[in-house]
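Welcome! Let us get to know this chain through a few questions and answers.

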Amino acid sequence: QVQLVESGGGSVQPGGSLTLSCAASGFTLDNYAIGWFRQAPGKEREGVSCIWRGNMHYANFVKGRFTTSTNYVKNTAYLQMNSLQPEDTGVYFCASTCVWGGTAYPKADYWGQGTQVTVSS
């Protein structure tokens with residue numbers, strides 16, 4: 001059974017950091033581009049980052065603050081988030097797809113259930 005499970009969300013103050021994890025089972029992470037997405041209340045889901053075999057892409061609003069990585073031994077992807085701001089609040093999802101790479105990156109429609117990130121003072 002294919003599954004993606006996010007963890008690591010929580011509440012932090014502005015300027016704080018969190019690291020999200022995305023554990024994959026039922027398939028190998030290396031088979032697909034792995035994307036992180038987020039959805040704030042009342043807003044559409046938006047792409048945050050993408051990683052495919054060392055190629056990384058970031059949305060302008062997180063560049064320089066967020067870092068995506070993968071550990072293929074653990075079959076887990078990560079999103080390190082630094083300098084968090086209130087506008088980063090939302091539910092964060094990992095998926096075996098991303099908004100970058102077009103058809104050059106292999107993609108599939110597997111999604112995690114999401115993890116809540118709340119940034120407030």
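Buried means under 20% relative accessible area, exposed means over 50%, and partly exposed lies in between (1.4 Å probe, protein chains only). This is a predicted model, in which local features need pLDDT of at least 70 and side-chain atom pairs count only at pLDDT 80 or more, while totals for chains, interfaces and linings use all residues. Residues are numbered from 1 along each chain as its sequence is written, and side-chain values use heavy atoms, with hydrogens and water left out.

Q: What percentage of the 121 residues in the chain do buried residues make up?
A: The cut-off for buried, under 20% relative accessible area, decides who is counted. Of the 121 residues in the chain, the buried ones make up 45%.

Q: How many helices and how many strands are in the chain?
A: Helices (H or I, at least four residues) and strands (E, at least two) are DSSP runs, numbered from the N terminus. Read from that end, the elements run β-β-β-β-β-β-β-β-β-β. The count is zero helices and 10 strands.

Q: What is the radius of gyration of the chain?
A: This radius is taken over C-alpha atoms, and the globule rule is 2.2 Å times the number of residues to the power 0.38. For 121 residues the rule gives 14 Å, and the chain comes close to that, so it is as compact as a globular protein of that length. Its radius of gyration is 13 Å.

Q: Which residue does a disulfide join to Cys-22?
A: A disulfide is a pair of cysteine sulfur atoms within 2.5 Å, and here the S to S distance is 2.0 Å. The pair links distant parts of the chain, 72 residues apart, with Cys-22 in strand β3 (residues 18-25) and its partner in strand β9 (residues 90-95). Cys-22 counts as buried because its relative accessible area is 0%. The partner is Cys-94.

Q: Where in the chain is Cys-98, the partner of Cys-50?
A: The sulfur atoms of Cys-50 and Cys-98 are 2.1 Å apart and form a disulfide. Both residues are buried. Cys-50 sits in strand β5 (residues 46-52), whereas Cys-98, 48 residues apart from it, is in the loop between β9 and β10 (115-119).

Q: What is the pairing of the bonded cysteines, numbered in sequence order?
A: The structure holds two disulfides. One joins Cys-22 to Cys-94, and the other is formed by Cys-50 and Cys-98. In sequence order, the pairing is 1-3, 2-4.

Q: Is Thr-115 buried or exposed?
A: Thr-115 is found in strand β10, and its side chain reaches the backbone nitrogen of Gly-9 at 3.2 Å. Because its relative accessible area is 11%, Thr-115 is buried.

Technical notes. Polar contact = N/O pair within 3.5 Å; in protein donor to acceptor, adjacent residues only side chain to side chain.
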